[in-house]
Amino acid sequence: MRRFVNGFVIFAAVTVASAAFGQAVGDFRTRATGDWSNPQIWQRFNGSTWVATSTPPTGAETITVQSTDSVYVNVPVSITGRLVNQGAIGGDGNITIANDGIYQHDRDGGRIPTINWEDGSTLLMTGTKNTAPGNRNQSYYHIVFDTPSLSSNQNMALNGVTIRGNIRVVNTGYARWYLTTAPAADSSIVTIRGDVIVESGAFAVQGTSNAQTKFVVHHYGNIVVTGGNFSISRGSQPGGTTTWYLYEGNFSMSNATTQSSTQTPGGARFVFAKAGTQRLELGEGNTITALPIEVKSGTTLDMGMSRLAGSGIFVLNPGATLLTALPGGVAEIFANVTGNVTLAEGASFGFNGTSPQITSTRMPTVVGDLIINNPAGVTLSQPTTINGVLRLIAGEFDNTIPFTLGPGASISFEGGTLKVPLGISARRSDVPRDFFVSQNHPNPFNPVTTIRFGLPSASQVRVEVWNLRGEKVATLLDGRKEAGTHEVVFDAKGLPSGVYLYWVEAGSQVHVGKMLLQK
């Protein structure tokens with residue numbers, strides 16, 4: 001997958017997109033209607049004027065089908081330059097837009113021919129005013145919206161397709177572009193492999209008022225918004241839902257507006273769903289009317305110095321982790337949020353600022369892990385039970401207000417310190433009273449998960465993974481371990497999806513658990 005920087009370099013070649021681009025020697029344009037292979041319908045620019053040509057275009061040039069003309073592509077053509085459609089182009093299946101090639105739809109309405117979109121190709125939308133082109137539901141590589149004359153909201157009607165590259169929004173005039181739409185009680189699903197880059201204009205998943213609609217975006221890249229309006233939903237869709245899953249990449253927004261118009265409470269949301277860490281960076285100049293967010297189990301959302309606002313929901317699921325660098329801790333993130341904020345017991349929290357922080361009373365009193373990673377120090381704001389690991393990575397943790405370690409919980413000294421030293425017996429709080437094995441985390445997983453177990457005394461330990469056919473697929477540990485809490489990592493890369501069993505044997509104690517690999 002191409003990351004944002006690479007995508008930006010690629011898109012830099014697609015500059016000002018209007019009908020009035022400069023001509024170069026060798027450019028082609030139509031002078032009549034006819035077949036692509038007929039040179040008599042073409043003119044070629046010789047540097048000063050348009051002249052007749054004895055050959056049709058090869059595809060490496062800038063080729064314009066003028067508004068009064070129709071061209072039927074009767075032979076296979078590979079476009080490595082730019083094909084500009086101001087009229088009509090037929091011949092579905094004969095056109096390939098190759099790497100770095102551009103198809104520019106430079107008219108209102110009309111139709112996008114069915115095209116073979118190779119990796120690195122671009123659909124460039126420039127001429128739409130009041131009517132979107134027909135036949136636009138195709139699996140493109142890059143898409144660029146640069147439609148300064150757009151005067152009514154339009155949608156791409158994408159459904160069941162994959163955009164393999166980036167989507168870049170440059171200009172949407174006085175209106176909006178939507179990814180898709182759907183009839184009442186129907187649904188649309190779109191997959192995006194690259195980045196979504198919004199520089200200006202207005203862009204959203206949908207804008208329909210049709211009831212009971214369901215929209216799903218599966219996204220594997222970054223969201224980078226530097227201006228305009230980027231919103232999850234601009235349609236009321238009563239009883240419907242709009243869900244944008246971010247499986248990889250980060251979300252950054254500055255100098256922009258974001259909102260949600262879906263009437264269903266909590267019905268529209270961005271879902272951070274990576275098995276690892278993702279960043280949400282809300283910079284200066286934003287108007288956050290609603291930015292609804294959910295963080296899935298197994299995902300760590302690092303919000304840095306970002307603050308939310310508006311009526312959007314926020315859901316931190318059990319097994320998810322929220323990191324903040326704000327001095328006011330968790331409470332400062334949500335100080336201006338009027339929507340429902342759900343911070344589940346069993347979720348984890350981390351503090352990674354550079355100035356002193358408090359955890360705040362907005363953090364639940366029962367947490368999973370608690371991560372202290374601030375050289376300037378972190379102060380606990382209320383009595384808190386930690387059921388996972390207290391990770392002291394950097395700085396002093398002011399535990400004047402005490403914490404309690406739940407069954408199987410532990411302290412990991414990784415460079416940080418406690419303000420109030422623990423007693424001798426408490427220092428051994430990382431040693432559980434009884435043998436235990438926790439549910440693997442995350443679960444379901446893809447492809448890596450962690451199995452944690454505790455030993456009340458030193459033991460010979462064996463950890464194995466088996467499939468349901470009774471075949472051993474991995475030995476994760478076979479050796480002696482000291483008393484305390486330990487972790488092993490299972491990497492299921494190369495194994496098929498399904499249920500697996502993990503076997504943990506310590507001395508005479510045996511624990512067998514189930515876990516789900518979901519690719």
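User: What makes a residue positive or negative in this predicted model, and where is its charge placed?

Analyst: Lys and Arg count as positive, Asp and Glu as negative; the place of a charge is NZ of Lys, CZ of Arg, CG of Asp or CD of Glu. By that rule the chain holds 36 positive and 34 negative charges, and their mean positions are 2 Å apart.

User: Why are 52% of the residues of the chain called buried?

Analyst: Buried means under 20% relative accessible area.

User: What makes the set of 91 residues a nonpolar core?

Analyst: Such a core joins buried residues of the nonpolar kinds through side-chain atoms within 4.5 Å. The largest one has 91 residues, among which Phe230, Trp244, Phe314 and Phe349 touch the most other members. Strand S28 (residues 268-272) gives the largest share, three residues. A second, separate core of 20 residues includes Phe435, Ile451, Leu455 and Phe490.

User: How do you know that Phe230 is in contact with Trp244?

Analyst: Contact requires heavy atoms within 4.5 Å.

User: Which share of the contacts with a separation of 6 or more joins residues 24 or more positions apart?

Analyst: Such residues account for 50% of those contacts. The chain's secondary structure consists of three helices and 55 strands.

How values were computed:
Residues numbered from 1 in each chain as written. Predicted model: local features only at pLDDT ≥ 70, side-chain atom pairs only at ≥ 80, totals over all residues. Heavy atoms only, no water. Helix = DSSP H or I, 4+ residues; strand = E, 2+ residues; numbered from the N terminus. Buried < 20%, exposed > 50% of the residue type's maximum accessible area, 1.4 Å probe, protein only.
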